[in-house]
Amino acid sequence: MDIANNPLMFALVLGAGKGTRMHSSRPKVLHTLLGSPMLGYVLRALKPIFADHIYIVCGHKAEMLREAFPSEKFITQDQQLGTGHAVMCAMDSLLAAHAEYVLVINGDAPLVTTAILKDFLKAASGADIAFATITLEDSGAYGRVARKNGLVQAIVEAKDFDPAIHGEASGEVNAGIYLLRLESVADLLPKLGNANKSGEYYLTDLVALGCSQSMDVRGIECGHESALLGVNSPLELAAMEETLRRQVVNNLLASGVIVHAPDLLRAAPTAIIEPGAEITAPCEIYGGSVIKSGATIESHCVIRDSSLAENVLVRSYCHLENASVGAGAQVGPYARLRPGAQLCEDAHVGNFVELKKTRLGQGSKANHLTYLGDTDVGAGVNIGAGTITCNYDGKNKYRTSIGDGAFIGSNTSLVAPVEIGRKALVGAGSVITRNVPEDELGIARERQKNLPRRKGGQ
Ligand code: UD1
Ligand code: CA
């Protein structure tokens with residue numbers, strides 16, 4: 001039976017835990033690696049197999065999880081009484097969905113991959129209870145796998161492990177990925193107890209229970225140790241993030257991306273950086289960013305969910321978020337492109353310029369000390385130093401529009417809503433509150449007076 005892509009198979013991600021060892025008020029699975037939450041990585045590995053057959057158990061600060069993943073399906077575990085209890089909370093939803101099998105996976109193992117899951121499912125096919133194992137030099141806080149004559153007998157949690165009772169640990173531990181046949185475990189789950197050192201209902205106790213009923217229980221050695229480790233502390237998070245970072249950078253270099261100071265590049269695996277792009281680290285490139293061949297990113301830039309077309313130059317110290325930069329355009333140094341900033345081909349944005357929900361047309365320039373918000377700028381426009389769009393009156397936001405070929409003199413305030421026509425000129429130092437028609441000069445400032453200096457005075 002090809003268990004992957006089986007319509008009766010579901011995935012259940014356990015993410016309700018508080019993550020006490022993270023010392024943080026956030027749910028543990030929202031802690032980030034290379035700019036994205038752990039849970040996102042786990043979902044990314046699951047989606048190709050399970051599509052929308054995925055439930056997430058949430059509990060501690062559940063609303064934060066729901067908000068971060070608005071299109072996912074959640075099941076609430078009001079009290080976090082253990083991983084076994086988390087699965088019990090999901091049983092009704094799984095049965096209502098007519099699930100036959102459920103792949104249960106800890107939400108704190110972000111480096112797991114689709115390929116690892118597929119291999120596991122293949123080896124687990126037909127079992128009543130199967131779980132993935134890895135072998136570690138130091139079993140640490142992981143559940144120890146107990147076998148007799150090669151056959152799995154139990155998983156013994158670290159806190160409850162006693163060599164006098166359980167024998168020497170082999171180093172084989174539970175990776176926190178399980179395949180459960182629902183019909184088989186439905187009667188076992190209510191039998192889980194919490195008489196252990198943590199006072200929790202351990203999912204891992206299913207193994208011994210299943211064995212006691214002569215079920216087909218399999219511990220499947222997976223290899224891929226570093227990809228299956230869990231994150232329980234800031235130290236483990238940092239180590240795992242570094243493993244991932246190194247992997248991503250090595251892949252980029254191997255594919256033909258030019259990276260200077262690669263040890264200092266932090267690029268998310270979800271970002272697409274084409275061969276022939278050139279990056280000088282330190283830099284951070286996160287989310288769904290797309291960097292085309294020939295684009296150059298100088299050091300100290302943070303780029304999130306943004307696209308840079310061919311031959312874009314982003315100079316040092318720029319921040320881009322949800323922005324798109326057209327071919328040949330230049331940004332920075334020290335520029336900030338906020339969500340909805342769109343630079344068309346060959347546009348220039350210079351130092352201390354901020355754009356938000358603003359399109360800067362082809363070849364247009366805003367080179368110094370400027371804020372453009374909710375603005376549509378045509379092609380070939382020059383925005384003088386110190387131009388500010390006053391887009392907010394304290395209650396509402398309004399748009400500014402600037403036609404092709406217009407010239408905005410330095411230190412101008414454009415009080416929105418306002419339109420500057422094509423090829424119009426705005427005099428430096430103006431506060432523009434009314435539209436300036438095409439080809440006209442708008443000037444709104446006090447006329448200069450030159451007066452004789454007072455004799456003998458200061
Ligand atoms: C768990 C396993 C251990 C295994 C290890 C692998 C148990 C009892 N132990 O230990 O055998 O070696 O993972 O990484 O399962 N969670 C809930 N609800 C709860 C408690 C936890 O949803 O009531 C979630 C957590 O958010 C987390 C996952 O379950 O994502 C695992 O919980 P955690 O406390 O990290 O278990 P470990 O001690 O790491
Ligand atoms: Ca864990």
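Which helix gives the largest share of the lining of the second largest pocket? The close-ups below lead there, and the answer is H9, with 6 residues.

This is a predicted model, where local features need pLDDT of at least 70, side-chain atom pairs count only at pLDDT 80 or more, and totals for chains, interfaces and linings use all residues. Residues are numbered from 1 along each chain as its sequence is written, chains are lettered from A and ligands numbered from 1 in the order in which they are written, and side-chain values use heavy atoms, with hydrogens and water left out.

View 1. Polar contacts here are pairs of N or O atoms within 3.5 Å. The side chain of Gln 77 places an N or O atom 2.7 Å from a nitrogen atom of ligand 1.

**View 2. The shell around ligand 1.** Have a look at the 24 residues around the ligand (a heavy atom within 4 Å). Among the nearest are Thr 83, Glu 157 and Asn 174. By class, the shell holds 8 nonpolar, 12 polar and 4 charged residues.

**View 3. The second largest pocket.** Its volume is about 340 Å³. Of its 18 lining residues, those closest to the centre include Arg 44, Leu 244 and Pro 269. Pockets are open sets of points on a 1 Å grid over the protein atoms alone, where a 1.4 Å probe fits, with protein on both sides within 12 Å along at least five of seven lines; lining residues have an atom within 4 Å of a point.

Conventions: A polar contact is a pair of N or O atoms within 3.5 Å; within protein, one must be able to donate a hydrogen and the other to accept it, and residues adjacent in sequence count only if both atoms are side-chain atoms. Ala, Val, Leu, Ile, Met, Phe, Trp, Tyr, Cys and Pro count as nonpolar, Asp, Glu, Lys and Arg as charged, and the others, Gly among them, as polar. Grid points are joined across faces, edges and corners, and a volume is the space filled by probe spheres set on the points. Helices (H or I, at least four residues) and strands (E, at least two) are DSSP runs, numbered from the N terminus.
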